[in-house]
Amino acid sequence: MNTQIKILKSANYIKLLQKLFDHKKNIYGPVRQGKRIGYQKINSANELATDFIIPDMSAKSFVFPCIEKLFSFTKDKENVEIQNLNLDNIPEKIIVGIRPCDALGMKSLKAIFGRDPADSIFQTRLERTTFIGYACNQADDYCFCTSINGGPGNTEGSDILLTKTDSGDYIAEIITPKGESIVASAPELFEDGSGLDKQKYLADVPKRFDDSNLENKMKAAFDTNVFDEYAIRCIGCAACAYVCPTCACFDIQDRTKGSKGERIRTWDSCGLKLFTLHTSGHNPRETQGVRWRQRLMHKFSYMPERLEVRGCVGCGRCSRRCPVDMNIAESINIITDENII
Amino acid sequence: MEQNIYLPYRMKIVKITEEAPFVRTFRLEFINPEEGEKFTFKTGQFAEYSVFGEGESTFCIASPHTRKGYVECTFRQAGRVTTALSNLEEGDLIGFRGPYGNIFPIDQWKDKNLVFIAGGIALPPMRSVIWSCLDNRGNYKEITVFYGAKTANDLVYKHELKEWEERPDIKLYTTVDPGGETPDWKGEVGFVPAIVDKFAPTAENTIAIVCGPPVMIKNTFPVLKKLGFADENIYTTLENRMKCGFGKCGRCNVGKTYVCKDGPVFTAAQLAELPNEY
């Protein structure tokens, strides 16, 4: 559908949320939690954080929870009964305040989970989630969305994108049918905004590296020592993967209580040694440097080649969170520096 | 709603065979006969086997696709899941998810000689292919099997080896590592690559299928090359760690190649294109 541009006055945004609460909608949004900004369920617009760069964790867990049941079972000496998931029980959710980078991350997740065979659990969660994004008025030194074809006002993945203007009112872009149905719940709150330009309200996010031909530059660097050199300080904690909006690697485990149990999938990471360790003791990705290479190659070479989408949206969380100050944009800069390869 | 791709079939262990120390074969039948009737696989594919409450483990399907109504797997007790599997008895239930991965293209091998070269616990994936070919014996010319293990006791499928030894339409060479022989051992003594070199199977109109520990594969390829085998005519199967089996969990890839989706069966020519990450 064609994006429609409307004006949503700041007082009307609060009324809109109130209307959605009245309709018993499950609404989640960024809330100040001490020093952190975290998504949580809200019951009033007052709870929403204002004036923040980006939530500490991405919105990934709404569609790909860090621990997720795949099915349950009951077990006794003689028999095992499997109880399949009832996907009808997955609730509809509205996420407000998702940043354009995180919304764009849904495209990468969709490519991984949608690939044959399609993951119906993920797909149902995504179908039942509506994203009301906030364009970015401010950025920090870690943000690099503009280096990978994203941007502070990018609409991809959002159903509605709100850009705050100087007056505090919003330019509302209605991007998808899901976005339209939000408007339809309170059309009187939206005014026509055709012709308005959000550009001047957006953060200035400078380019941190040149992404032209990045896929081939990554391939060319594969056998060089740039990954080993950069990852020499990596402690292999995998924090980068957990905060990443596109990292989708997982483990499958069972957990039980008495005769009942469930098979679950849990977030995992290529940065961890155990990830690829064979029972024999052989490990195809033995060193941290090789594991860092896998992380970058997967995001910037294998995914574009196989799934036609990059596995990075430039949110910068991995670098913000890294306990040893590794910086993905810096590492790519070294790789793409022609003098090195 | 589409099906839950993580849901396993429930299978009953109808027969357990002790193959070697810590190595067992399970014959599995579908609890639900309708599922069993719909189920098909091709030789070379693998599956996820699970003990409910302990987790899943990845092995090949060790039985041939020519035998319907059951599947077999052979595994060595090593980690949490394989230990739990080892503690099970005939009649117990396990989970089975699959089949996954590509296949050995045995239909393209018609009217060719086949040379199978296996080491240790790597005979199971090859046993599926060998029986699939033996069950359509007329399709192939000479079939030769080289199989080695550390000791005579470590050889798996001992009575099938005996059967192959007695059959006139298959040639079997067994070998054990030096020191691994028993007093009554009648086979060869020496590492697999050396035994292949010694008996020098012809490369003419021949497909070689090699499966074993990395060091055996690494040392067997040069022997085959010396004998004149082209990389396109040498097949192997890779066994990287896997969880999902269908290209999502992210751990089995070698470069951009996913062992679970693009493999596990590769030719030596395809392997040569992969980075050394397996």
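The model is predicted; local features need pLDDT of at least 70, side-chain atom pairs count only at pLDDT 80 or more, and totals for chains, interfaces and linings use all residues. Residues are numbered from 1 along each chain as written, chains are lettered from A, and side-chain values use heavy atoms, without hydrogens and water.

Helices α3 (residues 123-134) and α4 (residues 158-166) of chain B have axes that come within 13 Å and cross at roughly 40°. Helices here are DSSP runs (H or I, at least four residues), as are strands (E, at least two). Axes are lines fitted to C-alpha atoms, for helices over the stretch in contact, with angles from 0 to 180 degrees between N-to-C directions. In contact (heavy atoms within 4.5 Å), B:L123, B:R127, B:I130, B:W131 and B:L134 of α3(B) meet B:E160, B:L161, B:E163 and B:W164 of α4(B).

Three residues of α4(B) are buried: B:E160, B:L161 and B:W164. They lie on the same side of α4(B), because they cover an arc of only 105° around the axis. The arc is that of the directions from the helix axis to the C-beta atoms. B:H159, B:E165 and B:E166 are exposed on the other side. Buried means under 20% relative accessible area, exposed over 50%, and partly exposed in between (1.4 Å probe, protein chains only).

A cis peptide bond joins B:G98 and B:P99, with omega about 0°. B:P99 lies in strand β6 (residues 93-100) of chain B. In chain A, A:E308 has a positive phi of about 60°. A:E308 is exposed, at 73% relative accessibility.
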